[in-house]
Amino acid sequence: MTATPQDHFADIADILAFYLEAGVDVAVGEAPVDRFAESAAEQARSRTQRPPAMQATDMPPPGTASRPQASARPAPPASPAPRSGTLSAPPAGASALVTQPPDEAVMSAREAARNAESLDALRAILDGFEGCALKRTATRLVFADGNPKAKVMFVGEAPGRDEDQQGLPFVGRSGRLLDLMMAAIGIDRTSAYIANVIPWRPPGSRTPTPQETAVCLPFIKRQIELADPDILVCLGGPSAQALLATTEGITRLRGRFMDYESGTRTIRAIATFHPAYLLRTPLGKRLAWRDMLAVETALKGSASEAAT
């Protein structure tokens, strides 16, 4: 069977889709680079720069012992220059590449989060925080979206490509589905507060490491404390496990309310499937719909309690 141009274009589209899903979303050059050719050229240059081999006229006469010439002896190594009393300054930008030890980074995050007296102050502290390596690879900080005075707060795991570009959580396909889920129970981004456990996108949208989660956890906990919602909705297993301090999977966690201690009061928390999971597994939408109905009932109960 002969391949048609349409088949060729379809193959290219499939490859591009695979790259996009893998997180390859930024071009690094206008044209492909042949690294093999570069390596071969470098080897050729190194061969031409080698000293010429000993000529035949330089060889000693037959039967004569070969003695090394004094001039052929290698010169002694130069003595190192004396050190001055002060160390030289590191190159520009080198301090940004220094990574704190894990324990120090977590302690630094806890101390920084405690110093935030408001959500705006917390955002400014995160902007200046250097203890998480994800900040160096992300495009921008993804702090929050929606109404910080809302009665319900949704917390996901980490930003994706679209969120990294816009600086807002849940703005891609997952965000559009979350908007539909909220609209189904009569709320939107003006009546909900949305954030992530990790405020920076991991490279290629990979799963955050336990160390990265531990460093960012004090900030999202402080964010929840300052926002002080009545209902906390954990979107996905990683978010629920981090915030509720459990190792149970999302299938066991979802659909039931638990207590979340914010530090100032007890907040009712519930876990449900992440919208990204629902896009891959549409059959899960039935269970997610039940969870959202439970959130709606809890919000109505909270409103009636506030009225009395």
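Is R161 buried, exposed or partly exposed? I looked it up in the model, which is a predicted one. R161 has 26% relative accessibility, so it counts as partly exposed.

**Entry 1: the R161 pair**

I checked which partner R161 has. Its side chain meets that of D162 in a salt bridge, 3.6 Å from N to O. I then looked up D162. Its relative accessible area is 25%, so D162 is partly exposed too.

**Entry 2: other salt bridges**

I searched the whole structure for salt bridges and got 13. I went through two further pairs.

K151 bridges to D230, with the closest N and O atoms 3.8 Å apart. This pair links distant parts of the chain, 79 residues apart. K151 sits in the loop between β1 (145-146) and β2 (152-156), and D230 in the loop between α8 and β4 (231-235). I noted K151 as partly exposed because its relative accessibility is 47%. D230 is at 16%, so I put it down as buried. I also found a network of salt bridges that links K151, D228, D230 and R265.

R189 pairs with D179, and here the closest N and O atoms are 2.9 Å apart. R189 lies in the loop between α7 and β3 (193-196), while D179 is in helix α7, ten residues apart. R189 is buried at 18%. D179, at 30%, is partly exposed.

I turned to the open spaces. The largest pocket holds about 1000 Å³. Its lining counts 30 residues, and G160, S174, S205, A276 and R280 are the closest to its centre. Helix α11 gives the largest share of that lining, four residues. Elements that supply at least two residues each include α1 (5-21) and α9 (237-244). By class I logged ten nonpolar, eleven polar and nine charged residues.

The second largest pocket has about 230 Å³. It has 14 lining residues, with L217, P218, K221, R222 and E225 nearest its centre. Two or more residues come from each of α3 (102-114), α8 and β5 (258-261). α8 gives the largest share, six residues. The classes are six nonpolar, two polar and six charged.

**Entry 3: the cavity**

How many cavities of 30 Å³ or more does the whole structure hold? I found one. About 40 Å³ of space lies in the largest cavity. I listed its lining as L126, F143, N196, V197, P199, F219, I220 and Q223. Helix α8 (residues 210-227) provides the largest share, three residues. Six of the lining residues are nonpolar, two are polar and none is charged.

Technical notes
Residues are numbered from 1 along each chain as its sequence is written. This is a predicted model: local features need pLDDT of at least 70, side-chain atom pairs count only at pLDDT 80 or more; totals for chains, interfaces and linings use all residues. Side-chain values use heavy atoms; hydrogens and water are left out. On a 1 Å grid over the protein atoms alone, a cavity is a set of points where a 1.4 Å probe fits but cannot get out, and a pocket is an open set with protein on both sides within 12 Å along at least five of seven lines; lining residues have an atom within 4 Å of a point. Grid points are joined across faces, edges and corners, and a volume is the space filled by probe spheres set on the points. Ala, Val, Leu, Ile, Met, Phe, Trp, Tyr, Cys and Pro count as nonpolar, Asp, Glu, Lys and Arg as charged, and the others, Gly among them, as polar. A salt bridge is a side-chain nitrogen of Lys or Arg within 4 Å of a carboxyl oxygen of Asp or Glu. Buried means under 20% relative accessible area, exposed over 50%, partly exposed in between (1.4 Å probe, protein chains only).
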